Number of protein chains: 2
Amino acid sequence: MDVPADAAPFIPQVFTISDLSAEFDVTTRTLRFYEAKGLLEPKRRGQTRLYSRRDRARLKLVLQGKRVGFSLSDIKEMLDLYDLKDGQTTQLNVSLNRFRERISDLQRQKIDIEEAIADLTRTCEIIQGMLKE
Amino acid sequence: MDVPADAAPFIPQVFTISDLSAEFDVTTRTLRFYEAKGLLEPKRRGQTRLYSRRDRARLKLVLQGKRVGFSLSDIKEMLDLYDLKDGQTTQLNVSLNRFRERISDLQRQKIDIEEAIADLTRTCEIIQGMLKE
DNA sequence: TTTTACCTTGACGTTAACGTCAAGGTAAAC
DNA sequence: GTTTACCTTGACGTTAACGTCAAGGTAAAA
């Protein structure tokens with residue numbers, strides 16, 4: 001009841017570079033690289049980086065984005081969009097379109113791969129035919 | 001009947017760099033690059049490159065190989081294999097295995113893409129849900 | 001107190017498949 | 001003869017996403 005509203009939380013939840021490195025299985029170099037690219041913005045304690053929960057959440061999003069094939073600059077743009085706290089709907093629509101474009105790309109790639117598989121399969125059959133002689 | 005067996009053919013079928021460039025829609029830079037990589041070996045008339053039908057056939061194979069996702073060095077290895085005119089069967093088996101490995105890779109990739117599509121689709125649905133509010 | 005471990009910045013290296021000049025040679029057409 | 005077109009080699013540039021030193025700072029443990 002008497003706890004001041006601005007009392008510092010007792011679970012600050014900050015992370016070192018090696019914490020995140022270990023948790024997400026990326027190198028420290030990668031984390032510094034993401035910072036240089038503006039994807040993360042850890043504070044410093046002296047020289048040492050201190051990552052907040054927000055940084056951690058962002059990192060998670062970066063890695064998710066990479067998994068589905070977005071480039072780092074794509075991801076940065078989207079993260080930056082979400083930082084503009086206004087016009088939520090607009091932001092969501094922008095990202096929605098991004099995602100849909102990416103889905104189209106992926107479907108195109110899938111077709112290409114299927115064609116390549118068909119090509120190679122046919123070629124294999126021809127070679128097998130030759131080997132039967 | 002009296003034509004000597006070693007008579008030069010009257011249809012030499014040689015090609016200039018721009019012939020091939022136009023026919024296969026690749027730049028001349030690309031053709032020189034492939035030569036530097038040992039994929040093509042055109043003769044020279046003075047300075048100028050003269051591509052034989054064999055070069056043309058090789059180029060065709062290179063482009064086919066690229067289409068199904070082989071690297072240039074993969075392709076070079078396979079082309080070189082076919083140049084060793086002995087042990088045909090062995091060569092064919094080697095390539096057959098290569099092709100099958102590539103097919104496996106592609107199938108793996110296809111699965112990855114399908115997963116990414118599923119991920120993105122799910123995310124889109126979530127966003128759409130948020131937008132309905 | 002020295003070792004050990006972890007942290008920092010900075011700068012250059014890597015890979016693939018060419019692109020892009022630069023600087024010049026040749027050759028046919030006008 | 002000069003313009004136009006095409007050819008040559010050589011060398012450096014590009015892109016992405018980090019990797020790999022180098023050289024040094026700090027701090028806790030032995």
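Which element gives the most to the lining of the largest pocket? That turns out to be α3(B), with eight residues. Helices here are DSSP runs of H or I with at least four residues and strands are E runs of at least two, numbered from the N terminus.

Some ground rules come before the details. This is a predicted model, where local features need pLDDT of at least 70, side-chain atom pairs count only at pLDDT 80 or more, and totals for chains, interfaces and linings use all residues. Residues are numbered from 1 along each chain as its sequence is written, chains are lettered from A and ligands numbered from 1 in the order in which they are written, and side-chain values use heavy atoms, with hydrogens and water left out.

Chain A has five helices and two strands, in the order α-α-β-β-α-α-α from the N terminus on. Of its 133 residues, 31% are buried (under 20% relative accessible area, with a 1.4 Å probe and protein chains only).

As for how the copies sit together, a rotation of 180° with 0.0 Å of shift along its axis puts chain B on chain A, at an RMSD of 0.1 Å (least squares on the C-alpha atoms of residues with pLDDT of at least 70 in both). The two copies are therefore related as by a two-fold rotation axis. In chain B, Lys110(B) has the C-alpha nearest the axis, 3.0 Å from it. The copies meet through the same surface, because 100% of the interface residues of chain B are also interface residues in chain A (a contact being heavy atoms within 4.5 Å).

Back to the pockets. A pocket is an open set of points on a 1 Å grid over the protein atoms alone, where a 1.4 Å probe fits, with protein on both sides within 12 Å along at least five of seven lines; lining residues have an atom within 4 Å of a point. Two or more residues come from each of α5 (88–132) of chain A and α3 (53–67), α4 (72–83) and α5 (88–132) of chain B.

The second largest pocket has about 470 Å³ of space and a lining of 20 residues, with Leu61(A), Gln64(A), Gly65(A), Phe99(A) and Thr123(B) nearest its centre. Here α5(B) gives the largest share of the lining, seven residues.

Conventions
Points joined across faces, edges and corners; volume = space filled by probe spheres on them. Buried < 20%, exposed > 50% of the residue type's maximum accessible area, 1.4 Å probe, protein only.
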